Amino acid sequence: MEVAARLIGEHAQARGKAKVQPNGEAIVLTGISKTFTGRSGTVVALEDVNLTIYEGEFLCIVGPSGCGKTTLLRILAGLEKPTSGRVEIRVREPGKPVNSMVFQEQSIFPWYTVKENVAYGLAMRGVPRARREEIAEHYLKITGLSKFANAYPHQLSGGMKQRVSVARAFANDPSILLMDEPFGSLDEQTRVILQQELLRIWEGTRKTAVFITHSIDEALGLGDRVLVMTARPGRVKAILEVDLPRPRDLTLIRSRPRFLELFDTIWFYLREEVMKAKAGEIQS
Amino acid sequence: MRAEAKIISFFSPLLLLVLWEVLARAGLVDIRIFSCPSRIIETFLPVLFSGELLYHTWVSVRRIILGFLAGAIPGVLLGLSMGLFPLVRAALEPMVAITFPIPKLAVMPMIILVFGLGEASKVFTVAIGVFYLVLVNTVAGVLSIDRIYLDVAKNFGASRWNFYRTVALPGALPMIFAGLKLGMGTALILIVAAELTAAQAGLGDWIWRAYDMFDIERMFTSLIMLTVLGYLFANALDLLERWVIPWKSPHA
C-alpha cells in the first residue's frame, strides 16, 4: 500500500514537473532539513526536502498539523535558516523584493492606518511618498478597502485585516508571494469570498506564489500544483498537478469530476499522514 | 440611568462640603484643626488674586515639568534599548531591580548633599521618581510587542533604524504612557515632600510655612492648588496620549 502510494506520488511529481517547467525555476530547495532544539529535546521539523518552485506558478502545500509547513515557508522567506541543505533563489528581478509574506495570524500593525500598512514595504524600500500612496490606493481599490484607507486595524473585522495583509504583500510587488494559511482563522463565508478575490488578483498578475493550507479544497481551488507533506518530520510526499482550467470560479469548480478525482487522490496521500500525526500526538 | 449617575457624581462632593460647613458651624467639627469651606474660600480668593499663590504654584510646576522631562526622556531611551537588546537588559536589569524599590524620599538627604539646597535637588528628586516608573514600563512595553511584528518588519526589509521607529517605539507607546501617568502621580508626591524639607518657595514650602504659623486655611489653599495641578496634568497626559496614540482601541 505504501509502496503503491509512493509510486503514484513519484509519478505525479514527474508529471507535475514536466508540465510547468517551461516557465523557469524561481526557487530550488535541495536537501533542506530543520531541527529545533528546545528544553524538551530535539524536534526534527523538516527532513531532506527537495523542491523546485517554478516562475509564475501557484503552488499549494498541504500537510497534517505540525508537519513543518510553516517552517518551510519561513525558510523560503529567509526568516529561518535551514539546519542543512541549500535554498537557491533563482529569480532575480532588479528593483523588486524577492518575497513578501502574508502571515497566518493577525500581523498588520495596529499603530498604522490601513493605507500605511499597505504601503509599509514600499516605505521600507524608500519609495517616494506620492508614488507609494498611489500604489497603496490601487491595491486598496482592488481589495475593496478604499473606504477604510484611514481606519485603524482595531476598527476592522478579522476578514478585513487579512485583506489588508494580502494587499500589503501584493503592493510590495515581490517576485514571490508567500502565504501561510492566510484565511485559516476566518469563517467559511468570508474565506470563500477572500479565496475568490485572491484568485482574481493573482490571475491578473500571475506572480509566483506559495500558499500553505490544511484544506484540500482550498489547495485545489487555488493551486497549479499541490504538494502533500508527510507527518513530522516533514518531507515531500507527493506533488500533483491541478489540471483545472483558469480563470476559475471556486463555486463551480468544486462540482467538476476532475476536482473530485484530485480531491480523492490528495486525501489518499494525506489521510495516512494525518493518522501518523495523530498517533504521534497520542504517544507524546 | 447614566444621567442619574452623572447627577449623583456632580452633587456628592458638594454635599460633603455643605455637610462639613454645617457641622463646623454647629461646633461638631473643630475649626481650629479642620477649618471649614467658607473660611478657606475667604483665605483662598485674596492669595489667588494677589498672585502670591500663583507664584508659588508656578515655582512647583516648573520643578515638576523639568524633573518630569529629566526623568522621562532617559527612561524612555534606556527602556527602549533594554527592551531591544538582551545584552543591555542583562547588564542593567540587576541594578534597576535592586534600586527600584528604594523609596525615593529615603535618598533625599543624599540628593541635597550632592545637589545642594537649590533648584537642582528638587528637580532631581522628581526626575529620579519618574525615571524608574517610565523605564520599567518602557522595557515591559517593548517586551510585550508580539513577535509577529518583528517578523513582518524583517520580511519587508526594515532597516535597523526603521525597526525601532516603525515597530519598537509605537509598539511600546501604550505602556510608556502608563509609565508617564504613574510618574506624574509620583512627581506630585515627591515635589511636595522635597519642598517641605528644604525650599524657599513652592506649594510644599507654602504648606510648611502655613503650618509654622498654624494658619490652617492657608494650608488648605495649597491643597486646592495641588488638586487642580493633579487634575490638569492628568488631563494633559490623556490629551497627549490620544494625540500620539490615535490607533488605541477605546476598549483596550
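**Helix packing and chain contacts**

Analyst: In chain B, the axes of helix 10 (residues 203-212) and helix 11 (residues 216-244) cross at roughly 160° and come within 8 Å. Helices here are DSSP runs (H or I, at least four residues), numbered from the N terminus; axes are lines fitted to C-alpha atoms over the stretch in contact, with angles from 0 to 180 degrees between N-to-C directions. This is a predicted model, in which local features need pLDDT of at least 70 and side-chain atom pairs count only at pLDDT 80 or more, while totals for chains, interfaces and linings use all residues. Residues are numbered from 1 along each chain as its sequence is written, and chains are lettered from A and ligands numbered from 1 in the order in which they are written.

User: How is helix 10 of chain B oriented relative to helix 11 of chain B?

Analyst: Two packed helices are described by the angle and the distance between their axes. Here the angle makes helix 10 of chain B roughly antiparallel to helix 11 of chain B (over 145 degrees).

User: Which residues of helix 10 of chain B meet helix 11 of chain B?

Analyst: Residues are in contact if their C-beta atoms, placed from the backbone, lie within 7 Å. Leu203(B), Trp206(B), Ile207(B), Ala210(B) and Tyr211(B) meet residues of helix 11 of chain B, among them Arg218(B) and Met219(B).

User: How many residues does each chain bring to the contact?

Analyst: Chain A gives 18 residues and chain B 13 residues. Helix 8 of chain B supplies six residues, the largest share of the side of chain B that touches chain A.

Notes. Two residues are in contact if their C-beta atoms, placed from the backbone, lie within 7 Å. Helices (H or I, at least four residues) and strands (E, at least two) are DSSP runs, numbered from the N terminus. Angles under 35 degrees count as roughly parallel, over 145 as roughly antiparallel, 65 to 115 as roughly perpendicular and the rest as oblique.
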